[in-house]
Amino acid sequence: MSDKQLTIAVIGAGGKMGMRVSNNLQRSSHTVFYVENGEAGKARTLEAGRELSEAADAVKNADVVILSVPDIALGPVSAEIVPQVNPGTVVLTLDPAAAYANLLFRRDDIEYVVAHPCHPSVFLQRKTQAELDDTFGGIAAAQDVVAAIESGDAEKQAIAEEVIKLMYAPVLDVHWVTVKQLAYLEPTLVEVVACMIGDLLNEALLETVNKVGVPEPAARAMLMGHVQVALANGLRGDNPFSDACLIAMDYGREKLIKDDWKSIFDDTELDNVLKQMLHLDHIHR
């Protein structure tokens, strides 16, 4: 990390991610301003022992401005905030959807960065109860972060990476990709696929309990253990699946998966899911 003292403004400091980000930044040596418009968010910020600032005061000398607001609000929020920042300011958003859809207010003299946490890996070696309890990340369990900077400016990237490692701490590594690549990671890879499968697993668990009548502790124990085996074997190749299991897996694919499922990695499908997520009629690029 550099020795430079940074000034950081968190917009939306009292929201879900705003509180997580602010909790970590509050422990840093940098100067941090917290901005929140909602009454509930203001109360949460004050209860956490942080002072609230007006947006104009917070951003006027900020090196980094973090827009910690929902994707659907980034357009109007950036239109309010970005015109007030100084040239060269790093404007950091937490999700790639709005950046990829070109919803952010544009200025050629500032740096746009997106940084999204990976959350602690299911394979992370955890040594304390706090690490075990931190499944989301940003508290005790280490996680990676994937980020994108539009200009490629090395100096601004270094500043952004320092702030990213602080706000998502503890961080193992920051992986730099393009905005489009980050959009394919989130939502396509992790929400369209992984989160959907996680929810599907819960539906299958409930069906096993409610329809088949298997006692829930037995069904849950069998599923939780086999989820780990499935991930370890499927993603890391720790052990080969048995011949009988491979047959069952093929049966499951035939029953559950559409033949054209990989079309979700086409640009048109990425646009379609982002339009739905952001409540848009079309994507501007």
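Glu216 is partly exposed, with a relative accessible area of 37%, where partly exposed covers the range between buried (under 20% relative accessible area) and exposed (over 50%), for a 1.4 Å probe and protein chains only. This is a predicted model, in which local features need pLDDT of at least 70 and side-chain atom pairs count only at pLDDT 80 or more, while totals for chains, interfaces and linings use all residues. Residues are numbered from 1 along each chain as its sequence is written, and side-chain values use heavy atoms, with hydrogens and water left out.

The side chain of Glu216 meets that of Arg220 in a salt bridge, defined as a side-chain nitrogen of Lys or Arg within 4 Å of a carboxyl oxygen of Asp or Glu. By this rule the count comes to 8 salt bridges, including those in the table.

| Salt bridge | N to O distance |
|---|---|
| Glu216 and Arg220 | 2.9 Å |
| Arg236 and Asp238 | 2.9 Å |
| Lys165 and Glu161 | 3.4 Å |

Glu216 and Arg220 lie 4 residues apart in helix 9 (residues 216–236), about one helical turn; helices are DSSP runs of H or I with at least four residues, numbered from the N terminus. Arg220 is partly exposed at 33% relative accessibility. Lys165 and Glu161 are likewise 4 residues apart, both in helix 7 (residues 154–167), but Lys165 is partly exposed at 30%, whereas Glu161 is buried at 19%.

Glu131, in helix 6 (residues 129–133), is buried yet has no salt bridge, and the nearest side chain of opposite charge, Arg126, is 7.0 Å away.

Note on methods
Helix = DSSP H or I, 4+ residues; strand = E, 2+ residues; numbered from the N terminus. Lys, Arg positive; Asp, Glu negative; His and termini not counted.
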